Amino acid sequence: MRIGRRTLLTVACLAVFALCGAAALVFRNYLSESPLSSRIALRFPDRIVSDREGNLAVLDSGGRRILLLDARHRIVAERYGGSRSAGGFYSAELLGFIAPGSILIQDNIASLVDSRTGIQELKSLRSSGTGLIARFVFDDKQRLDDNYKISFASIVDGRVRFVFPDNAGGYDILNAGTDGITWKIKAGFDASAYFCGAFTDADTLFLVRFNGSIDRASGAGRSSTVWKNEGPVRLVSPSAACSGPDGSLYVLDGKRAVYRLDQTGRLEPVMVSGLGGMQAFAFQSFSVASDGSILGIDSYTSSILIRHPDGRTDRIAALEASPSYVARRLAVWLAAILAALAVLVSLARFYAMVLVEKRPLILKQLVVFIPLILVSFVAVAWRLYSVMETRYEGEVKNKLMVLAWAGASRIDGKGFDSLHPGSGPVSDLWAGKEYGILDKELSSFLAADSHPWATGLYAYLYKKVGDDYWAIGSDEYTELYVYRRPEFETILAKGTSATIVYEDVYGRWYSGFAPVMGPEGKPVGIYEVTINALVFTEFNRAFARSVAVGSIIILIVLVFVLAAFTWVLLQSLKKLKAGAEHIAAGDYSIEVRIESRDELEDLGAAFNSMTGEVRRNIEKNLNLIRANSKFVPVEFLRNLNTDSITDLNLGDHVLKEMTVMFADIRSFTSISEAISPEENFQFLNEYLSVMGPVIRRHGGFIDKYIGDAIMALFPNRPDDAIDAALSMMEKLDEFNRGYRIGRGRADLGPGPAADPIRIGIGIHTGKLMLGIIGEAERFDGSVISDAVNFASRLEGFTKQYGIGIAASETTISRLSPDSVYRSRFIDIVRVVGRSEAASVYEVIAPGDPDLDRKLRTAELYASAFALYRAADFARATALYHEILAIFPEDKPAASFIKRCERLAVSGPPAGWAGVFDLRDK
């Protein structure tokens, strides 16, 4: 088949679209950036880590993006989160490099029930994939327990150690790598008593308490205090800890200072905001490189700070993309553009093919109206989604606003104003009476997550101290909040409220803010009620998918209605066209029914009148052909490579290998003499009507009936003939149960057989000559072959040996290798007209009551026959008697005994080979 150039162009465009579209879809995050820009801005960066070669990894976008940097601080790859699939990550905490080019992350997957972390996973992440190390799934109670999580995770010697709660209220220390968790031991301390900590070597864990004191635990032993947080150097609000290259502990205090606890137990500041030439900074977290450099993200400026051991400080405000990164991004943009062009070209070619060339009218209507309907529905669906999202978002904001006002009204403004976070250890703040009241109020206001309406809601207070804000929450939560929001200043200045959607290092949030009023009626703080917008966004996406699915369903329904309406209009013409095609194909019985009450109905009536005349003229010829097919089987014609008897010519023939079956009723002459001619024909037709379908069902066809005998041919497999013979035996049993012939009379009613009918079947496979013989005025389809004569003789063989089915060795040898037929050897015979002898086998029906005995004596029978062929008639006779002792009704064995006794007296004839000459049928 020749394919046109336009078709090839269309196929090529579709292939380009598929390949480029798939690439653009997989790497779609690159499309959010300018294709040629070499600078990438950080979005709320949180943490930065390095490996021994100086490569960096930066986490930003609320844990949803990880940037991989080379030693020159250029971006070489990026990975985006938000995925719940095994190959990605949802919301990461960056722990460090576990191997060259492999980063260890803690993936926190939020539950859609309450937006809290429902699954925590430790994963090794590369630019090309993600590997799962450990997985922890939390139930409802565990999600509400802030202590139920991975704690103090640290990388030691290329593996991660961390602390995790056990099921008995204690804690375990676990060790894991890319091969999963390798060991677990019980911890000898209460991890909930510590705010942060870090493993500094394989056997040492430093733990920082809320009051700033530092404990050390070795192995699984109990912890001991190594720093009491007394004296001039004190930790005020420790928030993070990590180990240094020499095994020392580094602690981040109040986000503005980094302290080092050396091997002697001395705590010293190594990096303080605004001191020692340092510009003011605020770290959310930090890490220590292998050379002792301190790496952190300044939350004030969203820039990277690297403090070198020699006192130098590098500040990186924006990141440069490496040439390979820019090239990949440009390739994704080009792929997206090529995909769009391929779609446009394909659509243009498709419309040209449909609208310009000869195509069905209904197809042309559909390709015109479907895009219009689709565009309309997309516009309506998008408008509906936008309106619903705006309304839903407005309702959420209003509820958050109401909750914020209600929560703020419950706060004692005087007690809150007396709090001074940052002026001393945060543990002292938590121990005070005023914080205790606030803690209880914040927890009880949102029902401590005990009711569905409060699921996923959080309440916080903000207090301005100097130029900064401190966030205060329940359950001993206080931290410096460095993000200066203009709404905060407005609320404190005017006492108004606000609802905003904002982002920070913790993610994206919907929040309602209200002022906390002091005793003088002036705002002294801000009350926030917030909900995680990331899960909210997932619900929005689910809603958008629902709207899209609904729109597609409606579109399909409308397309169906349009197609159905057009189909109704075109039915009259289609009926006429179909009628003409039927007549052209030789179907003259077609009649067109058109009820359109117009000129098309008149045309249909004229068409029917014409076809009626044609039908009547050829009906006689068709009936004659159908009648002839009952006398000359269709299969016979097909084997002569013709479908019509009118195409046959005298002398047409074909040579084929087939399997021949002869089936004959035993003692039919005595049966026919016992009944009237009418009953004789009725009985014979009843019998043949049962056997004929069985033969056809197994791939055979009846060549002719010879009185009560059936001659059938099987052109495909010898297995078909065996299957047909077995089925005929089974059907014969059913026939005997339903059709009785009594001795000397016929009883045509149902009931048990007084004298059951028995048949014999002979089967042989060989070359046959099928052809047309006769003379000019009288043709006859005939089969000429020695195989036919042998099959007929085998049918007679069944009478002499008292068996049901006899098959030649040729047939048995050509059965399928996987056939499961049961058979046994009977004799070697030579029929009249054949010089060659052939082995004959009995095919045993599954329902044969003597099946087990025939199979049990088959080997003994073969041994007896071997002695018979060797002219050892005495020993052969003895074995045949053994067979009769087991199977007295075995007629072949009894026959051989007589034969052996006769030959023992007369002696074997000259040229003895043990072959029996079968002369009688």
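**A cluster of rings**

Reply: In this predicted model, ring pairs join F825, Y841, Y861, F865, Y868, F873, Y880, F896 and W912 into a cluster. Start with the helices there. Helix 18 spans residues 858-869, and helix 20 spans residues 891-906. Their axes lie 12 Å apart, and they pack at an angle of about 20°. Angles under 35 degrees count as roughly parallel, so helix 18 is roughly parallel to helix 20. The crossing of these two helices is left-handed.

Helix 18 brings Y861, F865 and Y868. Helix 20 meets them with P892, A893, F896, R899, C900 and L903. By class, this contact has eight nonpolar residues, one charged residue and no polar ones. Arg counts as charged, so R899 of helix 20 is the charged one. Y861, F865, Y868 and F896 also belong to the ring cluster.

F281 is buried, at 0% relative accessibility. F283 is buried as well, with a relative accessible area of 0%.

Take Y462 and Y481 next. Their ring centres are 5.3 Å apart, with planes at 65°, so the pair is edge-to-face. This pair links distant parts of the chain. Y462 sits in strand 27 (residues 457-465), and Y481 in strand 29 (residues 477-481), 19 residues apart. Both Y462 and Y481 are buried.

Notes. Residues are numbered from 1 along each chain as its sequence is written. This is a predicted model: local features need pLDDT of at least 70, side-chain atom pairs count only at pLDDT 80 or more; totals for chains, interfaces and linings use all residues. Side-chain values use heavy atoms; hydrogens and water are left out. Axes are lines fitted to C-alpha atoms, for helices over the stretch in contact, and angles run from 0 to 180 degrees between N-to-C directions. Helices (H or I, at least four residues) and strands (E, at least two) are DSSP runs, numbered from the N terminus. Angles under 35 degrees count as roughly parallel, over 145 as roughly antiparallel, 65 to 115 as roughly perpendicular and the rest as oblique. A crossing is left-handed if the near helix is turned anticlockwise from the far one by less than a right angle, and right-handed if clockwise. Contact means heavy atoms within 4.5 Å. Buried means under 20% relative accessible area, exposed over 50%, partly exposed in between (1.4 Å probe, protein chains only). Rings of Phe, Tyr and Trp (its six-membered ring) pair if their centres lie within 6.5 Å; planes under 30 degrees apart count as stacked, over 60 as edge-to-face and the rest as tilted.
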